[in-house]
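The following note sets out several points for a first reading of this structure. Please keep the sequence and the model in view while working through them.

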Amino acid sequence: PMSAGRSVDVGIGTSSLCGLIASVVFSSPDPQRERAFPDVPIRVMRVGWAVIVLVWPAVWVVLFHFRPLLKQASPPLSDALAPILDCGAQGVDLFFILSGFVLTWNYLERMGPAWSTRATLHFLWLRLARVWPVYLVTMHIAVAWIIFTLNVGDFPSAEAATLTGPNYLRQLFLVQLWVVPFFDNSSWDGPAWSISAEWLAYLLFGLLVIVLFRVARASRARTLLWLAFGVTLPPLLFLAATGEFYTPWSWLPRIVLQFTAGALACAAVRKLNLTDRGRTVAGVLSVVLLALIVGLVYWFDAHPIPTIRDDFGLVDVFFLPLVVALSVGTGTLPALLSTRVMVYGGKVSFSLYMVHELVHQAWNWAAAQYRIDMLPSWGTKFIVLALLAGSFAGAVVLFHYIEEPARHWMRQPVV
């Protein structure tokens, strides 16, 4: 659905990047990285990434897709949160900044000094081991659901026409997004488009990290930070020129440039040598930046720029500073993010991201088939809560019985 007078992306990709980030933040510590970056509390930073990158974006995506149901269940709450929930478009930019950052954190020293086909293939296989199992399961559940709607009830899925052999192969091998200008309806499981984009980023990383290693070795942290910030600006210039985030092929420069910016930012952070006071200041700055982003989203909702339809996207300019501040900052926020509940939420969030839209679509079909009226009431609130709980339960099952076992099995031949 479109928000009033504004265009919004559909099915943004966390963490999309969830598999990547989870494979980093929950992997075992690397002594070489800790020696190379002794002034940052590695474990605190890793837990902070787990929650910021996995829990919050995944919940944001779920609520973004469930907006019509939230509107039916509680119009006042939905209206109050609308500026946040409607601006899913720039979530893509944040996720790919984080993706480039965390990949560089893990692989700059391993893959940067020289090209190695074996190391690159090893890297790609480990990334597949993280995202492919859940992706394949949810893809085939989506296919089964489409077939179900063709044979049961009066509302066959609109995706039925796309059940073709070539489309199946494109989605099987994660390349379905690469040949279309828009990601709408590119995947049978809606959010899976971002996994296709993520796979493209993985393939580019083998060459990017070699260039980045040499640039980082010849540059100061300040230079790298300015380079990273500059790389984030072209998508904002496109936004200012067209007034919209969502234009043909706009996903491609956004992904490549934000991913590169995150990689440059990580290279800069690795060179920083902050005192305890400096890390505390960075922690405070991260809170200020987050509040500023939220405040500006509400400001643009109340005072839209006439010539920029998606003016809320301009807050992207603060994403890179936020990522850098979070990566080195300490204080209340990291402590809050390190609770066991939040960390577990981070672990299951990729499965939540991949399964929630299946639950959502199944409910939409049931509501149409059985003519269920969703008027504001306690019954409607209970239904929405049950759907959210069902999505989380499905995520837990996928994580414990598909994602983790399959990841360990796929890693065995190469580890």
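1. In this predicted model, the side chains of Arg-254 and Asp-93 meet in a salt bridge, with N to O at 3.0 Å. A salt bridge here is a side-chain nitrogen of Lys or Arg within 4 Å of a carboxyl oxygen of Asp or Glu. The pair links distant parts of the chain, 161 residues apart: Arg-254 lies in helix H12 (residues 251-271) and Asp-93 in helix H6 (residues 91-111). Arg-254 is buried, with a relative accessible area of 6%, and Asp-93 is buried as well, at 1%. Buried means under 20% relative accessible area, exposed over 50%, and partly exposed in between, with a 1.4 Å probe and protein chains only.

2. Residues are numbered from 1 along each chain as its sequence is written. Because the model is predicted, local features need pLDDT of at least 70 and side-chain atom pairs count only at pLDDT 80 or more, while totals for chains, interfaces and linings use all residues; side-chain values use heavy atoms, leaving out hydrogens and water.

3. The structure holds 9 salt bridges. One of them joins Glu-403 to Arg-130, the closest N and O atoms being 3.3 Å apart. This pair also links distant parts of the chain, with Glu-403 in helix H17 and Arg-130 in helix H7 (residues 117-151), 273 residues apart. Both Glu-403 and Arg-130 are buried.

4. Arg-279 and Asp-276 form a salt bridge of 2.2 Å, N to O. Both residues lie in helix H13, 3 residues apart, about one turn of the helix. Arg-279 is buried, with a relative accessible area of 11%, whereas Asp-276 counts as exposed at 54%. Elsewhere, salt bridges that share partners join Arg-130, Glu-403, Glu-404 and Arg-407 into one network.

5. The protein chain contains 17 helices and 0 strands. Helices (H or I, at least four residues) and strands (E, at least two) are DSSP runs, numbered from the N terminus. Of the 415 residues of the chain, 53% count as buried.

6. Which residues have the most contacts inside the largest nonpolar core? They are Phe-123, Tyr-135, Phe-205 and Met-354, in a core of 99 residues. Helix H9 gives the most to this core, with 14 residues. A nonpolar core is a set of buried Ala, Val, Leu, Ile, Met, Phe, Trp, Tyr and Cys residues joined through side-chain atoms within 4.5 Å. Leaving aside neighbours within four places in sequence, Phe-123 is in contact (heavy atoms within 4.5 Å) with Leu-103, Tyr-107, Met-111, Tyr-202 and Phe-205.

7. On the surface, Leu-77, Leu-81, Leu-290, Val-294 and Tyr-298 form a nonpolar patch with about 380 Å² of accessible area together. Such a patch is made of nonpolar side chains (Val, Leu, Ile, Met, Phe, Trp, Tyr) joined within 5 Å, in residues with over 30% relative accessible area and no salt bridge. Accessible areas come from the Shrake-Rupley method with a 1.4 Å probe; for residues, only the protein chains shown count as cover. Helix H13 gives the most to the patch, with 3 residues. Val-294, in helix H13, is partly exposed at 34%.

8. Leu-174 sits in the loop between helix H8 (165-172) and helix H9 (193-217), and Arg-371 in the loop between helix H16 (340-369) and helix H17 (378-411). Leu-174 counts as buried at 1% relative accessibility, whereas Arg-371 is exposed at 73%.

Note on methods
Patch = residues over 30% accessible without salt bridge, like charges linked within 9 Å, V, L, I, M, F, W, Y side chains within 5 Å.
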